[in-house]
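I opened this model to look up a few things. My notes follow the order in which I looked.

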Protein chains: 2
Amino acid sequence: MKVSELGQFGMIDVVAKMIEESRDSRVDSWHNLLDGIGDDCAVWKGDTANQLAKVDCQVEGIHFNLNIITWEELGWKSLAVNLSDIASMGGLPCYALVSLGLPLDTQVEDVVQLYKGLLKLAKQSGTAIVGGNMSSSPHVFVDITVIGKTGNPAGKYLTRSAARPGDKIGVTGWLGTSAAGLEMLTQKLEFEAQISACLRQAFTQPEPRLAEGRLLIEKGVKAGTDISDGLVADLGHICDSSQVEAVIQSELLPIRSEVVEAFGERSLQMALSGGEDYQLLFTGRPEVIEKAMKVSKYPLTVIGDIKAAQTGRTSSIVILDSKGSRIEPQKTGWDHFKRR
Amino acid sequence: MKVSELGQFGMIDVVAKMIEESRDSRVDSWHNLLDGIGDDCAVWKGDTANQLAKVDCQVEGIHFNLNIITWEELGWKSLAVNLSDIASMGGLPCYALVSLGLPLDTQVEDVVQLYKGLLKLAKQSGTAIVGGNMSSSPHVFVDITVIGKTGNPAGKYLTRSAARPGDKIGVTGWLGTSAAGLEMLTQKLEFEAQISACLRQAFTQPEPRLAEGRLLIEKGVKAGTDISDGLVADLGHICDSSQVEAVIQSELLPIRSEVVEAFGERSLQMALSGGEDYQLLFTGRPEVIEKAMKVSKYPLTVIGDIKAAQTGRTSSIVILDSKGSRIEPQKTGWDHFKRR
């Protein structure tokens, strides 16, 4: 069987099972491991804080296209997608290692621009770039590992498995902006300057919500992830891990006016299924979410409720419009190994 | 200018300078950093031990060819090259994150075999695989980050910059065996079974010298690296970092009888310039090296001496035969970005 037939998540399941079977609790590293494969980051017990680690890769032609993103933007974004996973656990980033694959005819100046973007975000987020690798490769790839830690004395972190019936579902910022930006860039659509800048920014320069992740933990939120695959897909990961169901009210979804202006009715589907917003998606008791919303400087929006699981996995997320009618998402996620 | 014109090491210098300029010592991570870009691993102060981290990537067609290495061997080797860097600092591996790039038509069974090899070495070395990523990609790559720590109470580790005039130069194991294996496999050479198995093993299943790295530190050795690019190239890194010169006695080089039997006179050049042996190369006071040699269960061999730097960089390593005549190495290293 080919990986394209099994799919990315099937392949990960096979490997995760092999790794789990190799676990040896007599070994310190395994003994100290709190969360391995399956959440946004790995978590292990350190001496004074829990440690977090995450690897993510951007491959040319798969994740990015140098016709629509600059090298500097690519550098920023490649680090941002990793920091977003640290944010989604409510952690602090500390160190990063950067592995580059570069074709022989890559311009030195392009690599300098890539590092310029990457170092801008590293500096802004307090991440030290401590190691790296450069390899020749038929195409460009940027593979980054970030090592972080929990940012609170108790070592608490957000997980996908902590959602409970009765929780409110919240998101940071806006949804669908990055998908709108990608469509604008790939279809070469023209909008007025302010709209165009907003959409491009969302797609090429996502801001990992590090401060918000830590704020959520501080206020008592326990469940969270980041929106990389799209709201429906990532909420699905929370529902699967927590064995709960979710109801989303579509009229509550925070969508930027620029997206509505540019794409009209299609903006709802972009908000539901568009990936790469790198906003946080979280659930918590209503009073906890309210406390967080009161003090957050960045917008937090309640978009629905967590319910007890009753039906099967395939219908674990219900999306309702303002009249109570169900809306079907056009796309429920992204599988790297499925042929398109 | 293209990266192929500047070369891998020139490109690393450019990036290392940018990273150094971005350093901000008010940030904890930077403040705690002991060694960043430029040695085998990054090193930073942890709470009870110094922490080590390293990333390395194996790219299909560049580092490996699936016609001559099996998927299982590739899994082992991809982790081994990283663990070898931890060994070269005298550290203990703890955690690893594995990022895979896979073409859509990759067989699921091949990925299972890759993980089988990888997990075999992970188990043997006490490394927990705690995270990963799978991406579709036009060709296979295996990018692994290993996080480790110093294995002694004082937090000591081996560096490339600690070699001093008067030091003896030592190596673990044998040199050139991997290069002999690569040549046998690429040229489809046939030898008797025992020779063939020995050469294949060295190239496809290198054993990171973790125990030896820790033993060297325990006995007082301070300078070390691993032999990935070849003896002359890696000794060159020590000489550059320590600002010293080296004299190698060719008749002292430990070369397996299997290599001599298979390649005759060419075995000397394989030992000098062949890469990927993943043995340790170290320097230390004569009495310190002697102490280590007395207790090591694995062979350690003295191959030369460190001298004060007098001449320029280009002649920092002198290789002498038994009559005191100079031998020129055929190849002094490997540059990923140089066209071949």
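I began with a salt bridge, taken as a side-chain nitrogen of Lys or Arg within 4 Å of a carboxyl oxygen of Asp or Glu. The side chains of Asp167(A) and Arg285(A) form one, at 2.9 Å from N to O. I then checked where the two partners sit. Asp167(A) lies in the loop between β6 (141-150) and β7 of chain A, and Arg285(A) in the loop between β10 and α12 (286-295) of chain A. They are 118 residues apart, so I noted the pair as a link between distant parts of the chain. Helices (H or I, at least four residues) and strands (E, at least two) are DSSP runs, numbered from the N terminus. Over all chains, the search finds 30 salt bridges.

A note on the source: this is a predicted model, where local features need pLDDT of at least 70 and side-chain atom pairs count only at pLDDT 80 or more, while totals for chains, interfaces and linings use all residues. Residues are numbered from 1 along each chain as its sequence is written, chains are lettered from A and ligands numbered from 1 in the order in which they are written, and side-chain values use heavy atoms, with hydrogens and water left out.

Next, the sheet. I traced six strands in an open sheet of chain A, in the order β8-β10-β7-β11-β9-β12, with mixed pairing. Two strands pair if DSSP finds at least two bridges between them. Neighbouring strands are turned by 25° against each other on average, direction ignored; axes are lines fitted to C-alpha atoms, for helices over the stretch in contact, and angles run from 0 to 180 degrees between N-to-C directions. Helix α8 (residues 210-218) of chain A packs on this sheet and touches β7 (168-172), β10 (280-284) and β11 of chain A. Its direction makes about 5° with that of β10(A). Contact means heavy atoms within 4.5 Å.

I also looked at one strand pair. β9 (residues 244-249) and β11 (residues 300-308) of chain A run antiparallel over five bridges. Val244(A) has Ala308(A) as its bridge partner in β11(A).

Last, the interface. I found 73 residues of chain A in contact with 73 residues of chain B. The area buried between them (accessible area, 1.4 Å probe, lost on being put together, summed over both) is about 6,300 Å². Carbon and sulfur atoms give 68% of that area. Tyr95(A), Leu104(A) and Met134(A) lose the most area in chain A, together 11% of what that side buries. Between chain A and chain B the rule finds zero salt bridges.

Conventions
Buried area is the accessible area (1.4 Å probe) that two parts lose on being put together, summed over both.
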